[in-house]
Amino acid sequence: MEARILQSSPSSCCFSSGSINRHRFSSISPSPNPLSGSFPQKTRTTRVLSMSKKDDNTESLSYKGSGVDIDAGTELVRRIAKMAPGIGGFGGLFPLGDSYLVAGTDGVGTKLKLAFETGIHHTIGIDLVAMSVNDIVTSGAKPLFFLDYFATSRLDVDLAETVIKGIVDGCGQSDCALLGGETAEMPDFYAVGEYDLSGFAVGIVKKDSVINGKNIVAGDVLIGLPSSGVHSNGFSLVRKVVARSGLSLKDELPGGSTTLGEALMAPTTIYVKQVLDIISRGGVKGIAHITGGGFTDNIPRVFPDGLGAVIHTDAWELPPLFKWIQQSGRIEDSEMRRTFNLGIGMVLVVSPEAASRILGEAKNGDYVAYRIGEVVDGEGVTYH
């Protein structure tokens, strides 16, 4: 294994360009922080990769049937929480003076399988960065730096360079430094021509500015920011759907304007700059990154006890890709809502006043945003 470590001066630490995804965040030891005397806040979720199974074309496909058991992942997190109390958020918070360092880690799951099949490798690094920086920005943290792990059985230098160029692009989009990484060459461990990726991001936020959901109340508004597609979770189920459909990844997406492969490989949207800009103007109380677990599992993670959400499913148009996935896989609505982002990759919980401002800016064409629901008394997520 060969480590790639870059040394950055303060002036060069940032670029100038302006599963479930059940992540499993590494926890630090539960000892008090020597600088603050307080315990860090930790977070852990899990990503499960699937093995293929025999398919019956008459059945309704599901994530669990594709090999990914969300409930098992949740149970693992529950058990780990007994050993490392405090786990559960999108990013892990470590106190440092008057700030928190916020850390996250993730991969891109079996989206890599489609990268191998399509030969599209130049954007998978963007996905890798996005999955971690989008998590830590939910705390209001500005990403500082990113580290990557690239593993393969036999190193193809040109291919690895292409992948890492995508990582550099993702770091540029989120204004953070690619500080270093690890290249692991492990003969006989991976199939020829295949590789695996992991990423790790660290950001910072002032303690008095952290977004933690504690002030959310019934009547607050849910604002949805659009996704670019499936992003980087749910691909174990997606691959089952593709196999059942009989379509080639080179075929045109029904109802779309690209090939199926291009639509599925669209890089994950990086929300960092947009979200930090919205936060800076006030009224943002909680943020949920919609990855594996979809709306059903991710939105409640930011609520205080006793609160839930109503989602208005007619507030935005379901993109053609998700329509095709549901129809081809005969997937139940409840399964779609617990597996995919359905066209909304980030949800902001904001005050009614902030909602008016955000939606006004969207109406003026500054960006796209939708009012997708409200916070209500009573736990859980309901759909109208």
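Mentor: L307, A309 and I311 point one way from β9. G308 and V310 point the other way. All are buried, meaning under 20% relative accessible area, with exposed over 50% and partly exposed in between (1.4 Å probe, protein chains only). With 5 of the 5 residues of β9 buried, the strand is largely enclosed by the rest of the structure.

This is a predicted model: local features need pLDDT of at least 70, side-chain atom pairs count only at pLDDT 80 or more, and totals for chains, interfaces and linings use all residues. Residues are numbered from 1 along each chain as its sequence is written, and side-chain values use heavy atoms, leaving out hydrogens and water. pLDDT is the predictor's confidence in each residue, from 0 to 100. The protein averages 87, and 84% of the residues score at least 70. Over residues 5–54, pLDDT stays under 50. Where pLDDT is low, the predicted coordinates should not be read in detail.

Now the partners of β9. Two strands pair if DSSP finds at least two bridges between them. Strand β11 (residues 370–377) runs antiparallel to β9, joined by 5 bridges. There, A309 stands opposite V375. Strand β12 (residues 380–383) runs parallel to β9, with 4 bridges. In β12, the bridge partner of A309 is V381.

Next, the whole sheet. It is open, with 6 strands in the order β8-β10-β7-β11-β9-β12 and mixed pairing. β8 (284–289) and β12 stand at the edges, each with a single partner strand, so one side of each is left without a neighbour in the sheet. The twist averages 25° from one strand to the next. Angles run from 0 to 180 degrees between N-to-C directions, and axes are lines fitted to C-alpha atoms, for helices over the stretch in contact.

A288 has V347 of β10 as its bridge partner. Helix α7 (residues 272–280) packs on the sheet, touching β7 (221–226), β8 and β10. Contact means heavy atoms within 4.5 Å. The direction of α7 makes about 165° with that of β8. Helix α11 (residues 352–363) lies across β7, β10 and β11, running at about 30° to β7.

Definitions and conventions
Helices (H or I, at least four residues) and strands (E, at least two) are DSSP runs, numbered from the N terminus.
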